[in-house]
Amino acid sequence: MEKGDIVYCINESSFSEHIIKRESYIVQDIKPDLLRVFNTKKKLVWLPENCFTKVKIPDIKSIIIDDEITDSYDDYIEVTVEFSDGVKRWTSFITINKLNSLFNEFRDYVLGNELVIVKEVNEAIIKRTIIELDKQDKLYETTKEL
């Protein structure tokens, strides 16, 4: 990246008081692995270069809970996330109680790709978790493309 480039935030996790996911910023200065931009409060700050990309990323269009939640403390739910570019990705939410049941049933191991482990599962927790994973730039690695 170069001074004067327009960049977009892809990871606000540790810097949410300075930058917002998907917002654009103009690079004011550069150091190795750091960019200087005006933050959301119009103050110049140095932030890690890996928080930004030169390409605008798609917005989350919808979060769809694919399964009925039957027991918020003992359940396994698949969730589809759709983005504004039409891409759909999915992940699974499993409660600790359900995971323990699987360990008791299979004893030695439980396989789980694209798996989010939660104490309780409900619509609010699912949506909040998806948004938080997105803010941390972890949503793509936690989901699989449909």
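User: How far is the sulfur of Cys51 from the closest cysteine sulfur, and in which residue does that sulfur lie?

Analyst: In this predicted model, the closest cysteine sulfur to that of Cys51 belongs to Cys9. The separation is too far for a bond, at 6.4 Å.

User: How many disulfides does the protein have?

Analyst: A disulfide is a covalent bond between the sulfur atoms of two cysteines. The pair must have its sulfur atoms within 2.5 Å to be counted. For Cys9 the closest cysteine sulfur, in Cys51, is 6.4 Å away and therefore too far for a bond. By this rule the count of disulfides is zero.

User: What is the relative accessible area of Cys51?

Analyst: The cut-off for a buried residue is again under 20%. Cys51 is buried, and its relative accessible area is 2%.

User: What pattern do the helices and strands follow along the sequence?

Analyst: The protein has three helices and eleven strands. Read along the sequence, their pattern is β-β-β-β-β-β-β-β-β-α-β-α-α-β.

User: Is the protein compact or spread out, and what is its radius of gyration?

Analyst: For 146 residues the globule rule gives 15 Å. The value for the protein is well over this, so the protein is more spread out than a compact globule. Along its principal axes the C-alpha trace spans about 55 × 30 × 25 Å. The radius of gyration is 19 Å.

Notes:
Residues numbered from 1 in each chain as written. Predicted model: local features only at pLDDT ≥ 70, side-chain atom pairs only at ≥ 80, totals over all residues. Heavy atoms only, no water. Helix = DSSP H or I, 4+ residues; strand = E, 2+ residues; numbered from the N terminus. Rg over C-alpha atoms; globule rule 2.2 N^0.38 Å. Buried < 20%, exposed > 50% of the residue type's maximum accessible area, 1.4 Å probe, protein only.
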